[in-house]
Amino acid sequence: MSTPQSQPTPAHSQTQPPNQPAPAQGLPAPGSPAPQAAGSGPGITGPAPAGHGAAVPARPVPQRTPQGPPQGAAPWPGQAPLGGYVSPIPIRKATLADAVAAEWTKIRSIRSTVWTLGSMVLLIVGIGLLAAFVVSATDSTGATQTERVPVLILGIYGTMLSLICVITLGVLTMSSEYGTGLIRTTLTACPDRARVLTAKAIVFFLLTFVTTTVATTLVAVATEGIAGRLGAVPTAGQWLKATVGVSVFMSLVGVLALAVGAMLRHSAGAIAVMLAVVMMPLVLAMFLGVSDLTELRSWLLLYSIPNQLGVFYDVSAGEGPSGWDPLWIMTLVTGAALGGAYLSLAKRDA
Amino acid sequence: MIELEGLTKHYSDVRAVDHLTFTVRPGIVTGFLGPNGAGKSTTMRMMLDLDNPSSGTVRIDGRHYRELRDPLRVVGALLDAKAMHGGRSAYNHLLCLAQSNGIPKARVREVLDTVGLTSVARKRTKGFSLGMGQRLGIAAALLGDPRILMFDEPVNGLDPEGIHWIRNLMKSLATQGRTVFVSSHLMSEMALTADHLVVIGQGKLLADTSMTDFIKENSRSYVRMRSPEQERLREILRGAGIDVTPGEEGALEVEGEDAAHLGELAARHRITLHELSPRSASLEEAFMRLTAGSVEYHAHENHRPPESPAQSPAGPGAGWGADWRKKGS
């Protein structure tokens, strides 16, 4: 098939690099003259300079017949003789997998992802190793021989701090689309709000989970190597909780941040709300210390996100969640927030 | 084909779009014209199901937009040249859109080539000029090789060569049998591109007509005459069976007569003429009159545009139109 653009077009502009092959879809390249079949009456595009006012002469303007077949052979691939246009590109139904692929391209192609995940890994590994070295050097965990726990717990400082990175990335994944207006392009390409949200959540969760698991495992192994002699020998369950458990939990907090970002549509606002969700229970508990509301106070302490994170390292401030409980709690909370985010996407104007 | 039926959008108590009913047909370029704030973009956002209408429906080839499973294959839209993440490269921006609709990767290169952005494909869009952003938006619209194309103010920020290119692009897309719907606030631009015109003002439909009819009804050439003896001139013209309409600043306007003939007529009666000038009302002026009328017609709930040339040709719009041409050139 030959396209009209393959003829030399001397008027090419600087935007068209030299030696470009003719566009395979047969659309005119910038600056190339319109194909003969463009349906323009000579009195209309002819001598009129671009962008000028249309002073209309008294004589009738030639009637255009754009629906008619172009003169000569059809220069366009996939041309329908009349009415509708049929594309030559094979059509297949788009699925959730396509949306996931698109979101993966999105999240890997911006620098903020690399920066936030990079600093997250640095925080987890750096602080974890530092704690291990300090403890090893001072030769004491501060615990008596009877209440010895595995030194895996030293990882908690890094993971707790790196929650900030996870929250930031989670919020940005959604709210940056609102900030830039990209969300309108995204929803035009995929009007199924549930699919967009699900794809984003899946991609974000997996990426965060894999990164955190690598970082926490690294820290866990290193800590045991450096300071393991000072603590109890961790069981398989403790190993699993301090690595995979912590990672799933942190990723869920990130998805919660993503949902909050979708509901608030504002990066700074959503990050502030998420930090409040993490910090406020502790702050409130401090204020409640002077009053009689000890039950509420201990509840706030036990179910605060930092304390739930501590459960994975077998440290908890009391009879709150234990074992794998924080995972189920966070799954419920995140699920509810995702529901709210979906409603917000479906009901509000983009 | 896009069908709008009674499409309405309220923002608290403002009616941005007010019972719009019209059909955008395939095979032609349909111009969507209105002054700034007339509700063009809101209408287009509702067509794409980005904004929820207060009432009314939009059907894309008989279906709601949200029912389309791979919408980029059906509708390609350029809404906002800056609707992209500045930190992402042009290639990746298009790639993620292609992936979301299962469009082959090779198509990304093709559309980049079509719009002439191949050399900056790997550059982050943050550094793009408005014109480059516009081209990238057009590339995104073409990605799925769709049957329907919607462009919101596509010539914004493009250089003259780019404007020429997009004009030809739209026409060739329509010639292929696609539905092409393009908004603009520039009548002159539409006159060069569109085959059909939909004009709105204050969210209301003012005109839904073919370009040819619009030109026929609104283009008007006349001779402007001024004389210190205006009354006598009028009498003589009337006596010769020539219709006279009063124009701006006490001038007389005569339609359908040759300026030379009028000059000779005046000379025969020894009338001093201060002005004898052949004029033609521009489409821009016609558009101004149409939309300026929407304010006035708003109060009377009358949606008919003042299409008749008998309407005072020297409306408030005439001055703006002239002014606009200066800016646009």
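Start between the chains: select A:D98, A:A99, A:A101, A:A102, A:T105 and A:K106 in α2(A), which meet B:N92, B:L95, B:C96, B:Q99 and B:S100 in α2(B). Contact here requires C-beta atoms, placed from the backbone, within 7 Å. By class, this contact has five nonpolar, four polar and two charged residues. Nonpolar covers Ala, Val, Leu, Ile, Met, Phe, Trp, Tyr, Cys and Pro; charged covers Asp, Glu, Lys and Arg; the others, Gly among them, are polar.

This is a predicted model: local features need pLDDT of at least 70, side-chain atom pairs count only at pLDDT 80 or more, and totals for chains, interfaces and linings use all residues. Residues are numbered from 1 along each chain as its sequence is written, while chains are lettered from A and ligands numbered from 1 in the order in which they are written.

**Stop 1: the whole α2 pair.** Show residues 96–108 of chain A and residues 90–100 of chain B. Helices are DSSP runs (H or I, at least four residues), numbered from the N terminus. The two helices pack at about 165°, axes 7 Å apart. Axes are lines fitted to C-alpha atoms over the stretch in contact, and angles run from 0 to 180 degrees between N-to-C directions. α2(A) and α2(B) are therefore roughly antiparallel (over 145 degrees; under 35 is roughly parallel, 65 to 115 roughly perpendicular, the rest oblique). Their crossing is left-handed: the near helix is turned anticlockwise from the far one by less than a right angle, whereas clockwise is right-handed.

**Stop 2: α6 and α7 of chain A.** Select residues 193–227 and 236–264 of chain A. These helices pack at about 150°, with axes 8 Å apart. The crossing is right-handed. Its contact residues split into 15 nonpolar, nine polar and one charged.

**Stop 3: on to α8 of chain A.** Pick A:A257, A:V260, A:G261 and A:L264 in α7(A); they meet A:G269, A:A270, A:V273 and A:M274 in α8(A). The contact has six nonpolar, two polar and no charged residues.

**Stop 4: domains of chain B.** Colour 2–216 as domain 1 and 219–281 as domain 2. The bounds come from an automatic or database domain assignment. Their C-alpha centres lie 46 Å apart.

**Stop 5: confidence.** Colour by pLDDT, the predictor's confidence in each residue, from 0 to 100. Chain A has a mean of 78, with 72% of its residues at 70 or more. Chain B averages 85, with 89% scoring at least 70. In chain B, α2(B) is highest at a mean of 96, and α11 (residues 317–328) lowest at 39. Select residues 1–83 of chain A: pLDDT stays under 50 there, and the model has 162 contacts beyond four places in sequence for them. Residues 295–329 of chain B also stay under 50, with 48 such contacts. The model scores ipTM 0.77 and pTM 0.77.

Terms used: Two residues are in contact if their C-beta atoms, placed from the backbone, lie within 7 Å.
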